[in-house]
Amino acid sequence: MNVCFFPRLKEFILNQDWNDPKSQLQQCCLTLRTEGKEPDIPLYKTLQTVGPSHARTYTVAVYFKGERIGCGKGPSIQQAEMGAAMDALEKYNFPQMAHQKRFIERKYRQELKEMRWEREHQEREPEEAEDIKK
């Protein structure tokens with residue numbers, strides 16, 4: 001557990017890997033709601049469907065407060081929506097996202113460095129073993 005599970009759990013929590021892009025985008029949009037009003041949520045619209053039924057490509061845009069904030073493509077509507085949400089998270093200015101990242105980096109700076117070093121070291125070990133065999 002200490003070798004395999006706990007290090008990955010810590011990384012999972014710090015990176016918020018359980019939170020897919022659509023969920024992150026919805027959380028960001030909900031934090032921007034105006035007091036006493038209904039919350040604005042992101043709306044996804046399919047813009048284009050291309051290709052035969054067995055190999056379609058969907059283009060989806062995501063809108064927030066009537067403004068197009070992201071666009072994505074994918075072999076399914078769900079994957080295209082995920083791409084649009086990722087695009088929106090990268091392009092749109094959500095102040096709480098930047099604050100959250102800064103907070104996590106400050107609070108867990110040393111742990112994040114150690115996790116990155118361990119991950120890099122683990123990735124190099126198989127390569128080094130291959131080199132030794134040769």
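The legends below describe close-up views of a predicted model.

**Figure 1. Overview of the helices and strands.** The protein has 5 helices and 3 strands. Along the sequence these elements follow the pattern α-α-β-β-β-α-α-α. Of the 134 residues in the protein, 25% are buried.

**Figure 2. The largest nonpolar core.** This core has 11 residues. The residues are L25, C28, C29, V62, F64, I69, A84, A85, A88, L89 and F94. Which elements each supply at least two residues of this core? They are helix 2 (21–31), strand 2 (57–64) and helix 3 (77–91). Helix 3 gives the most to the core, with 4 residues.

Figure 3. A search of the whole structure finds 2 salt bridges, and one of them joins the side chains of E81 and K22. The distance from N to O is 2.6 Å. E81 belongs to helix 3 and K22 to helix 2, so the pair ties together parts that lie 59 residues apart in sequence. Are the two partners buried or exposed, or something in between? E81 counts as buried because its relative accessibility is 16%, and a residue under 20% is called buried. K22 has a relative accessibility of 25% and therefore counts as partly exposed.

Figure 4. K91 counts as exposed, at 63% relative accessibility. D87, in contrast, counts as buried, at 14% relative accessibility.

**Figure 5. A patch of positive charge on the surface.** Four residues are shown here: R102, R106, R109 and K113, which gather in a patch of positive charge on the surface. With a relative accessibility of 48%, R109 counts as partly exposed, because the term exposed is kept for values over 50%.

Figure 6. M1, F5, F6, L9 and F12 make a nonpolar surface patch. The area of this patch is about 480 Å². Among its residues is F5, which lies in helix 1 (residues 5–15). F5 has a relative accessible area of 42% and is partly exposed.

**Figure 7. D20 and M82.** D20 lies in the loop between helix 1 and helix 2. Its relative accessible area is 28%, so D20 is partly exposed. How far apart are D20 and M82 in sequence and in space? They are 62 residues apart in sequence. In space, their C-alpha atoms are 7.8 Å apart.

**Figure 8. R56 and P75.** R56 is placed in the loop between strand 1 (43–50) and strand 2. At 33% relative accessibility, R56 counts as partly exposed. Along the chain, R56 and P75 are 19 residues apart. The separation of their C-alpha atoms is 5.8 Å.

**Figure 9. The backbone at K65.** K65 is found in the loop between strand 2 and strand 3 (67–74). Most residues other than glycine have a negative phi. K65 is not a glycine, yet its phi is positive, at about 55 degrees.

Notes
Residues are numbered from 1 along each chain as its sequence is written. This is a predicted model: local features need pLDDT of at least 70, side-chain atom pairs count only at pLDDT 80 or more; totals for chains, interfaces and linings use all residues. Side-chain values use heavy atoms; hydrogens and water are left out. A nonpolar core is a set of buried Ala, Val, Leu, Ile, Met, Phe, Trp, Tyr and Cys residues joined through side-chain atoms within 4.5 Å. Buried means under 20% relative accessible area, exposed over 50%, partly exposed in between (1.4 Å probe, protein chains only). Patches are made of residues with over 30% relative accessible area and no salt bridge: like charges are joined within 9 Å, nonpolar side chains (Val, Leu, Ile, Met, Phe, Trp, Tyr) within 5 Å. Accessible areas come from the Shrake-Rupley method with a 1.4 Å probe; for residues, only the protein chains shown count as cover. Lys and Arg count as positive and Asp and Glu as negative; His and the chain ends are not counted. The place of a charge is taken as NZ of Lys, CZ of Arg, CG of Asp or CD of Glu.
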